[in-house]
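Hi there,

Here is the structure I promised to pass on to you. Please open it beside this email and follow along as you read.

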Amino acid sequence: MAATAARGLRRSGVVLAALIALTAAAGCGSDSDEPAKASSSTPGERPSKTDPAKRPERTPKPSVSAADGRDITACADGNCEIAVSEPVKIPFKGPRGPATLSVTEVGPNAIAYTVKSGNGQSKGSASGPGQGCITVLRSNGSGNSCGGLGDADRPSPQPDAVVIQAAAGEDGTAVLQLVSDR
């Protein structure tokens, strides 16, 4: 019985050694039909991590642009398109007088905000690629809808209302659009 166990261990060792050799050989191959390029480094020298020829190219995602840039004062009349990348309070003229849009959270593919007008308040939040919210603020109340915005255009003005569209951006910048019939 001891002899059988020893033979089994030797076979396992041989199989293991063969697998290691095959794995190492497979790691050195190339799927390309092109001949391998000679390394510019000397034998035994590792290429520098900062060697631009060895790094994959990365293009930064473009920042979101908005018609009124980041100017929150452009929203004072209830009509603007601005980009925000941090919490901010935006005062604007609502259907019943002064109102405030408070962005409470903004990040990659995420937006959360509160709208206050008179004694009323409305909250919206969304997260995920292509997500956002639309709030319609009227003199007798408000309503929210959050979810996928897709390629939503600028919201249409509604009579005696301010329509707020908040679209989360993948780079951590959200676009806010306020539209009124004024």
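First, some background. This is a predicted model, in which local features need pLDDT of at least 70 and side-chain atom pairs count only at pLDDT 80 or more, while totals for chains, interfaces and linings use all residues. Residues are numbered from 1 along each chain as its sequence is written, and side-chain values use heavy atoms, with hydrogens and water left out.

Let's begin with an open sheet of five strands, whose order is β1-β9-β8-β6-β7 with antiparallel pairing. Strands here are DSSP runs (E, at least two residues) numbered from the N terminus, and two of them pair if DSSP finds at least two bridges between them. At the edges stand β1 (80-84) and β7 (141-148); each has a single partner strand, so one side of each is left without a neighbour in the sheet. On average, neighbouring strands of this sheet are turned by 15° against each other, direction ignored; the axes behind such angles are lines fitted to C-alpha atoms.

Within this sheet, β8 (residues 161-167) and β9 (residues 174-180) run antiparallel and are joined by six bridges. Look for Val 163, whose bridge partner in β9 is Val 179.

Next, find β4 (residues 110-117), where seven of the eight residues are buried, that is, under 20% relative accessible area with a 1.4 Å probe, protein chains only. β4 pairs with β3 (residues 97-107) in the antiparallel sense over eight bridges, and Gly 107 stands opposite Ala 110 in β4. The hairpin of β3 and β4 has two residues between the strands, and Asn 109 takes a positive phi near 55° there.

β4 also pairs with β5 (residues 120-127), antiparallel and over eight bridges; Tyr 113 has Gly 124 in β5 as its bridge partner. This hairpin has two residues between its strands too, and Gly 118 in the turn has a positive phi of about 60°.

Finally, the largest pocket holds about 290 Å³ of space. A pocket is an open set of points on a 1 Å grid over the protein atoms alone where a 1.4 Å probe fits, with protein on both sides within 12 Å along at least five of seven lines; lining residues have an atom within 4 Å of a point. Of the 18 lining residues, the closest to its centre are Gly 130, Leu 149, Gly 150, Ala 167 and Ala 168. β8 gives the most to the lining, with three residues.

Enjoy exploring!

Definitions and conventions:
Helix = DSSP H or I, 4+ residues; strand = E, 2+ residues; numbered from the N terminus. Axes fitted to C-alpha atoms, helices over the stretch in contact; angles between N-to-C directions. Buried < 20%, exposed > 50% of the residue type's maximum accessible area, 1.4 Å probe, protein only. Points joined across faces, edges and corners; volume = space filled by probe spheres on them.
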